[in-house]
Amino acid sequence: MHDEHGGHDPARIELCAKLGNGLARSRLNKVQLATRVQLSRTTVSQAFNPKAPVPSADTVSALAKVLKLPVDELLELRRKAVGEVGSSQGVGQSLGRPISQWNPHDLEVHPAGLAPRVRGNAEAQQLPGYVPREHDRLLADAVRDVVRGPSRMVMLVGSSSTGKTRACWEAVQPLADLGWSLWHPFDPSRAAAALEELHRVGPRTVVWLNESQHYLGDPQAGEKIAAALHALLIDPGRGPVLVLGTLWPEYARQYAARPEPGRPDPHSRVRELLTGRTLTVPDAFDAPALAAAIALADAGDGLLSEALARATSSGRLAQDLAGAPALLRRYEHGAPAARAVIEAAMDAQRLGHGPSLPYGLLAEGAEGYLTDEEWDSLSDDWLEAAMAYAAAPVTGVRGALVRRRPRARRPPGDTALGELPQYKLADYLDQHGRRTRQDEAVPAPLWQALLAHGDRTGFLALGESAEHRGLYRMAAQFYAGADGGAEKLARLLGSCGREQEARPWWIRRVTEEGGGFALSRVVETAPAGTPEEAEELLRWWWDDVSKESSQGPVLSSLIRQVGPAEDPNALLWWRRAAEQGHSEAEQIFVSHLRATGGPQAVLAWYHERGVNDRWHRGKTADLLVELGRAEEAASLLESSDEDDSHSHFRLAELLLERGDERKAVEWLARVGRDASDWIGERAVRTLFRIGHDGVALQLLEDAAGRDHRVLTFAARMLDESGRHEEALDWWRRAASAEHPDSWVCFQYARSLARNEELPDALVWYQRSVEAGERRTFPAIEAWEAELLASQGKTEADLTRWRLTYAATTTLLGKPLRRWSAPLDEKLSWLFELTDRGHPSAMGYAISRLCQAGRESEALAWALELAERGDERAPEEVAELYAEAGELDLALQWWERSAQHASLEYVAYRAGGQALREAGRTQDAVQWLRRAVEAGDVDFTGLAVELYETLERQEEALTWLWQLAGRGWSFCARLAAEVLERSVRQREAEQLRRYGWEPDGSIAAAWVAPLPD
């Protein structure tokens, strides 16, 4: 958070004292308090520290409310503290500062060189002239749109040093002239700043999220940041706002990937946020862009002129300007000590450490990258020389490691100013390390240096990296030191069969953060399972655990162990669980109340809780109606909070039951103002059902400006009522949105057809299938036949239409089977599709030629395509040779196919399988191994089995250890299975329980750390 900075002033100390006293009285710890106030642990911790920045007014207010302290008194203390130390930003002031006041290099735009010195100034970083490309045009369109209308977000995706951040900087310059501000969240960390302050972003602000993986990929805050950004973008009251971000392609792919069924989905909100909002930045300049760069160079741009002399042939002009080739040469040609420092930085980053690398981390970690001979030959000042070499500018741009200066304002004399420096690895070398060092083992000294000097905010990610590599001892130490690491460590120990050692960490997880699953693990690992133990666990839950609804099933199980429902002890716990909102407990307790005290006792229970809870308010009203006290029920519902739409809807239903339609309509209209909410939809549908459709449609019209999904709801409702002509206009508006869903396009097409606008219906139908509509495929096929027939089309026309549609997909089999044309006509169509680059037409053509006994034609055609440079043809040639029994020829063509990165593992897998079927096991192992190393992890197990068939178990174990270095967590399990099948059960069990050490040996038994 960018809060005002504190010191040792009396007001700040008194504020901390009052907060501390309130915390003690609340019986909460700071972690639990952070959960209650929905702030980060860092923010809460700093609020109690008189040396930390003065907390914001929002933070103080939130803490005061939870701790039951006088809000106004604490805010006054905060105001005095701010007044005594000075403030650079008022409480009510919007975030950021005018774009014109920003230096592009402070926003992480790569400089391209150093300007000559001028008297009194250090060397200034330069930017070359800018060459707009296609992505710049699209980005400029987004900027123009955001000035005219709703908020926008654009995420530029491209490799390191391709010009993403510079493109964003150039794009916002028109906004500078319009007085817009720019906010770059980075302090105390990128994720923490964004999460704490996004709610304060106001209109006419650019939110700058360079290297967005540090925001959206944060393991604790990423999903919350994505949700906050989505809320910002759809709130018209806070716009217009422009969110700009940059990502490397590997992160974009990671966030876009959907998990396998039943697996966690850690990036679901991020994936939704980025859908339709990414823009690709190419690696190289195309011909028009190079021509424009040459023109700028001819006009006197020296930086561009020098870069063109080096990079015209490759087109990688942006990388050259950012110094990428020179940086790579400097790294590769450096002395062993300098290379060791840079490689330590590379590995620290790829393991998950943040971008700021402490000096001590690099100093101690580098030792692991030097051989004994290199270490013995080092001079006394080897580290200083290596750091100087790595930090030195290269051809006018910043070096491999750039020293980072803290931005935090500290009072004079603060000892923090004397801390050891931190460094940032050049982006290009970071990406180069991730690409080229994935098979390099990380030495033990770096792991130890990360533990000793690493940023603790990255310990979760570092722990995951260690765990996935089978380094369970290292992972346990990172998790034990990480905020929020309790569950990670408990799960790790549990997966190793060490449940009793996991139990203290499950207890810590429940105590700090609550959670139903964690509570269930505590209960399941309890040793006795007696009623006394169950009651002891319940007392612990009541006294020490953060309460939440997910704990209900576990509590019910424990209470049943205490005794039957009528047992006084059990009844006490049913009541307490019910008071915490657990539905099953409440059902049981209310049943007891009704049996012993009648409806009045239940009514008293519901009424007491209905003061602050709409569900109980509704139950109270229902019970009042049941008791014949409908007037009281209506009064209760009417007195609910203004935003309690559920109670208001129940009131409208009650008024309708009593025949008061006029007042019911008023309340339904009030609820229906938010027609994007499900209760709002129910209100609108009710209005429509009772004949007040004019009111309903006006509500939808008003809500459509805030949420375009209302358009489809209105259209569906009108169609259901048979009012197709009116529905058509709503479908039209929904389909004209910026990124219409394929289903919306299809429904618009159907609406056009229903209204006999058939030519337009066909156009929109085709758009829907081109956009990927598959969810209603049977309905599409039936409808397309009906639609085309109504236009007087023949079966041949229908076939052509289906083929046109099929050409937009990879699924050609069904239309080919239904097409009654001669084979040569089908082949002609498939040949044409192949020439147009269709991804599967070649395979279909070859398959049909082979089915017809025309293998020689298939081979000749595939060979011709291969000679013409079709990258898919070598694989088909290989398959044809393999089918003909020419395995060695087939292997040559699979080898050729593997030269294309996208087909590499497919080719090696096919070759490996063919060799295995031919009984050539030795060769099959090598081919399958290459397939796995190219990314085909599914065949790891088969390759290991073949190793064992050849009695080469030690080679298999060595290979699995190497693969584990990529972070492939299944390798440790496979290695344990190999050991077990080799009758080495003790070693197998040792590996399962304790993992590997960084040198590849099986770890000795180690004791799990205990919570503090």
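## The model and its overall make-up

The structure is a predicted model, in which local features need pLDDT of at least 70 and side-chain atom pairs count only at pLDDT 80 or more, while totals for chains, interfaces and linings use all residues. Residues are numbered from 1 along each chain as its sequence is written, and side-chain values use heavy atoms, with hydrogens and water left out.

The secondary structure of the protein chain comes to 56 helices and eleven strands, where helices (H or I, at least four residues) and strands (E, at least two) are DSSP runs numbered from the N terminus. Of the 1012 residues in the protein chain, 49% are buried; buried means under 20% relative accessible area, exposed means over 50%, and partly exposed lies in between, using a 1.4 Å probe and protein chains only.

Strands of a sheet pair through backbone hydrogen bonds, either parallel or antiparallel. In this model, three strands form an open sheet in the order 9-11-10, with antiparallel pairing, and two strands count as paired if DSSP finds at least two bridges between them. Strand 9 (357-358) and strand 10 (401-404) are the edge strands, each of which pairs on one side only.

Two bridges join strand 9 to strand 11 (residues 422-425): P358 has Q422 as its bridge partner in strand 11, and L357 has Y423. Strand 10 and strand 11 pair over four bridges, and here R403 has Y423 as its bridge partner in strand 11. Helix 18 (residues 336-351) lies across strand 9, strand 10 and strand 11, and runs at about 80 degrees to strand 11; such angles run from 0 to 180 degrees between N-to-C directions, and the axes are lines fitted to C-alpha atoms, for helices over the stretch in contact.

Strand 7 is mostly covered, since seven of its seven residues are buried. V241, V243, G245 and L247 point one way from strand 7, whereas L242, L244 and T246 point the other way.

Strand 7 runs parallel to strand 4 (residues 152-157), to which six bridges join it, and M153 stands opposite V243 in strand 7. Five bridges join strand 7 to strand 6 (residues 205-209), again in the parallel sense, and the bridge partner of L209 in strand 7 is G245.

## The largest cavity

Rolling a probe the size of a water molecule over the atoms shows where empty space is left. On a 1 Å grid over the protein atoms alone, a cavity is a set of points where a 1.4 Å probe fits but cannot get out, and its lining residues have an atom within 4 Å of a point. Grid points are joined across faces, edges and corners, and a volume is the space filled by probe spheres set on the points. A search of the whole structure finds two cavities of 30 Å³ or more, and about 420 Å³ of space lies in the largest cavity. Of the 31 residues that line the largest cavity, T162, G163, K164, R166 and A318 are the closest to its centre.

Helix 7 (164-171), strand 7 (241-247) and helix 16 (317-321) each supply at least two residues of this lining, and helix 7 gives the most, with three residues. By class, the lining has 14 nonpolar, eleven polar and six charged residues; Ala, Val, Leu, Ile, Met, Phe, Trp, Tyr, Cys and Pro count as nonpolar, Asp, Glu, Lys and Arg as charged, and the others, Gly among them, as polar.

In helix 23 (residues 444-453), the buried residues are L446, W447, A449, L450 and L451, and what covers them includes helix 18, helix 19 (359-366), helix 24 (459-468) and helix 25 (472-481). In helix 4 (residues 57-66), A57, T59, V60, S61, L63 and A64 are buried.

E904 belongs to helix 51 (residues 904-917), and because its relative accessibility is 28%, E904 counts as partly exposed. Leaving aside its neighbours within four places in sequence, E904 is in contact with A898 and A934.

Note on methods
Contact means heavy atoms within 4.5 Å. On a 1 Å grid over the protein atoms alone, a cavity is a set of points where a 1.4 Å probe fits but cannot get out, and a pocket is an open set with protein on both sides within 12 Å along at least five of seven lines; lining residues have an atom within 4 Å of a point.
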